[in-house]
Amino acid sequence: MADAVNLPLRERKIDVFFAVVFSAFVVTSCISDLLPTVGVDFSHPGGNFFVRSNYWYAHDADPLFMHPPDWMRIVTGLSAFVYMPFYILLVVALTTGRNWIQLPSVIYATMIVTLTGIVVFGVEFFGESATRTGNPAKFLAFNLPYVLVPLLLLVRMRKPAPFTRRF
């Protein structure tokens, strides 16, 4: 497979999809995950757009995010300071067909599915009543893409030289 030639991006539509979605994840990491990580209080709808946005989302859907314990601030910190730079790198690698991104993608997808899909969702749906979501539909609408897209990326990166094939 070392001699295989990468397909051009126009023939890898799934990678265009991933590039768009992970570009959006860069923005959401900056807007939402950075605030609880650095201790910004958005438990009231303040004058700042980012505070209001986070309040609007969290006030009825995500009490764990609104009042994060230390372990949750570590999770949001990973998103803001580790995943966000990875998203930028991933978008570049996806659009330019850099096959070396396969292993980092598998590591990322495994981490995010474990942390978000198991730990955070577990606490939000089965944890103590103070941390359970009061609006499961809104919670899932905002958070499920952060589990499903990495799962899809994991499938995409299942074999070496991912850019030599369409999917």
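Predicted model: local features only at pLDDT ≥ 70, side-chain atom pairs only at ≥ 80, totals over all residues.
Accessible area here is the area computed by the Shrake-Rupley method with a 1.4 Å probe.

1. **Surface of the chain.** The chain exposes about 8700 Å², and carbon and sulfur atoms supply 71% of that area. Of the 167 residues in the chain, 42% are buried. A residue is called buried when its relative accessible area is under 20%, and exposed when the value is over 50%. These cut-offs are needed for several of the points below.

2. **Overall fold.** The chain contains seven helices and zero strands. Read from the N terminus, the order of elements is therefore α-α-α-α-α-α-α. Along its principal axes, the C-alpha trace spans about 55 × 35 × 25 Å. Among contacts with a separation of 6 or more, 68% are made by residues 24 or more positions apart.

3. In soluble globular proteins, nonpolar side chains tend to be buried together. In this model, the largest nonpolar core has 39 residues, and the members that touch the most others are Phe22, Tyr87 and Tyr108. At least two residues of this core come from each of α1 (13–37), α2 (49–61), α3 (63–66), α4 (70–96), α5 (102–126) and α7 (145–156). Helix α4 gives the most, with ten residues.

4. **Tyr87 within the core.** Which residues does Tyr87 touch, not counting residues up to four places away in sequence? They are Phe22, Phe25, Val26, Ser29 and Tyr108. Two of these partners, Phe22 and Tyr108, were named above alongside Tyr87 as members that touch the most others in the core.

5. Phe17, Leu152, Val155 and Phe167 make a nonpolar surface patch of about 300 Å². Leu152 belongs to helix α7. Its relative accessible area is 30%, so Leu152 is classed as partly exposed.

6. Arg166 is exposed, with a relative accessible area of 53%, whereas Glu11 is partly exposed at 28%. Another salt bridge joins the side chains of Asp60 and Lys138, at 2.8 Å from N to O. This pair also links distant parts of the chain, with Asp60 in helix α2 and Lys138 in helix α6 (residues 136–143), 78 residues apart. Asp60 is partly exposed at 26% relative accessibility, while Lys138 counts as buried at 13%.

7. **Surroundings of Arg12.** Arg12 is located in the segment before α1. Leaving aside neighbours within four places in sequence, Arg12 is in contact with Leu7, Leu94, Thr95, Gly97, Arg156, Phe163 and Arg165.

8. Thr164 sits in the segment after α7. Its relative accessibility is 15%, so Thr164 counts as buried. The side chain of Thr164 reaches the backbone oxygen of Ala161 at 2.7 Å. The C-alpha atoms of Thr164 and Leu115 are separated by 30 Å, and the two residues are 49 residues apart along the chain.

Note on methods:
Residues numbered from 1 in each chain as written. Heavy atoms only, no water. Core = buried A, V, L, I, M, F, W, Y, C linked by side-chain atoms within 4.5 Å. Buried < 20%, exposed > 50% of the residue type's maximum accessible area, 1.4 Å probe, protein only. Helix = DSSP H or I, 4+ residues; strand = E, 2+ residues; numbered from the N terminus. Contact = heavy atoms within 4.5 Å. Patch = residues over 30% accessible without salt bridge, like charges linked within 9 Å, V, L, I, M, F, W, Y side chains within 5 Å. Salt bridge = Lys/Arg side-chain N within 4 Å of Asp/Glu carboxyl O. Polar contact = N/O pair within 3.5 Å; in protein donor to acceptor, adjacent residues only side chain to side chain.
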